[in-house]
Amino acid sequence: IIKYTKLIRRQKKNITTVLVEPNTRLYSDEAYRSADKIFCLALGDMDDDIYFSNLFFPNSDKVSQGASIFNTKKDIDLNESDNVVICGCVTFAEMLKESLDKSLGKNSYEVVLRINCEGSEDTGIYAFHKVFKNQFNVIFGSLKDVGELKGSSEMEALWAYIKKNDLKFVP
């Protein structure tokens, strides 16, 4: 990761950073302050519409990086939540592609996905690959929440998809 971080910093003028974060309490962190775009929403299932739902906090910690829209996540407090906007992964990816095509030039860029959605990683990967096609081929992040929240069959399906579509995954 250090090697990639140095490379990214040297190429910042050629990189547009887009962050998705439903918890506005985290926006004072450096990653968010230096982002080009921040979308205040959570990514839901593939074909979800846009709707309101709960964002749950682990151990009632409202500045935790582990907040989740899944009420089955370990250590969350069901009585401690925020109401947030949830957007289907395909809908979000389509809107983002339209925006990036307008600002950067249609299909003139590559998408590198750094993902940690506390359980929506699989649908995010499927949606971004569906929408961005060959522009998307590198994934950074953690996928463990998929297995923990959705089960081993969903995790195995995700790994099979990554391999079948020749997507590069960097933990």
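At what angle do α4 and α6 pack, and how far apart are their axes? In this predicted model, the two helices pack at an angle of about 30°, and their axes lie 10 Å apart. Two packed helices are described by the angle between their axes and the distance between the axes. Because angles under 35 degrees count as roughly parallel, α4 and α6 are roughly parallel to each other. Their crossing is left-handed. On the α4 side, the residues that take part in the contact are Asp122, Ile125, Tyr126 and His129. These meet Glu154, Ala157, Leu158, Tyr161 and Ile162 of α6. An α-helix has 3.6 residues a turn, so residues three or four places apart point the same way.

Helix α4 itself comprises residues 121–132. Its 12 residues reach 16 Å from the first C-alpha to the last, close to the 16 Å expected at 1.5 Å a residue. The helix is mostly covered, with 11 of its 12 residues buried. Among the buried residues are Asp122, Ile125, Tyr126 and His129, which are also named in the contact with α6. Glu121, Thr123, Gly124, Ala127, Phe128, Val131 and Phe132 are likewise buried. The elements that cover the buried residues of α4 include the helices α3 (89–104), α5 (144–150) and α6 (152–164), together with the strands β6 and β7.

The two strands in this list belong to an open sheet. Three strands form this sheet in the order β6-β7-β8, and the pairing is parallel. Strands β6 (111–115) and β8 (168–170) stand at the edges, each with a single partner strand, so one side of each is left without a neighbour in the sheet. Neighbouring strands are turned by 20° against each other on average, direction ignored. Helix α4 packs on the sheet and touches β6 and β7, and the direction of α4 makes about 170° with that of β6.

The pairings within the sheet may be described in turn. Between β6 and β7, the parallel pairing extends over five bridges, and Val111 stands opposite Phe136 in β7. Strand β7 (residues 136–141) also pairs with β8 in the parallel sense, here over three bridges. Across that pairing, Ile139 stands opposite Phe169 in β8. In a regular strand the side chains alternate between the two faces of the sheet. Strand β7 is mostly covered, as five of its six residues are buried.

Two loop residues show a positive phi. Asn107, in the loop between α3 and β6, has a positive phi of about 55° although it is not a glycine. With a relative accessibility of 44%, Asn107 counts as partly exposed. At 52% relative accessibility, Lys133 counts as exposed, whereas 11 of the 12 residues of α4 are buried.

Phe56 is found in strand β4 (residues 50–58) and counts as buried, because its relative accessibility is 7% and the limit for burial is under 20%. Leaving aside neighbours within four places in sequence, Phe56 is in contact with Ala67, Ser68, Ile69, Phe70 and Asn71, as well as with Ile76, Asp77, Leu78, Glu80 and Ser81. The C-alpha atoms of Phe56 and Asp82 are separated by 6.9 Å, although these residues are 26 residues apart along the chain.

Ile38 has its place in strand β2 (residues 37–39). Its relative accessible area of 31% makes Ile38 partly exposed. Residues up to four places away in sequence not being counted, Ile38 touches Leu19, Tyr27 and Tyr32. Between the C-alpha atoms of Ile38 and Leu113, which are 75 residues apart along the chain, the separation is 14 Å.

Conventions. Residues are numbered from 1 along each chain as its sequence is written. This is a predicted model: local features need pLDDT of at least 70, side-chain atom pairs count only at pLDDT 80 or more; totals for chains, interfaces and linings use all residues. Side-chain values use heavy atoms; hydrogens and water are left out. Two strands pair if DSSP finds at least two bridges between them. Helices (H or I, at least four residues) and strands (E, at least two) are DSSP runs, numbered from the N terminus. Axes are lines fitted to C-alpha atoms, for helices over the stretch in contact, and angles run from 0 to 180 degrees between N-to-C directions. Contact means heavy atoms within 4.5 Å. The expected span of a helix is 1.5 Å times one less than its number of residues. Buried means under 20% relative accessible area, exposed over 50%, partly exposed in between (1.4 Å probe, protein chains only). Angles under 35 degrees count as roughly parallel, over 145 as roughly antiparallel, 65 to 115 as roughly perpendicular and the rest as oblique. A crossing is left-handed if the near helix is turned anticlockwise from the far one by less than a right angle, and right-handed if clockwise.
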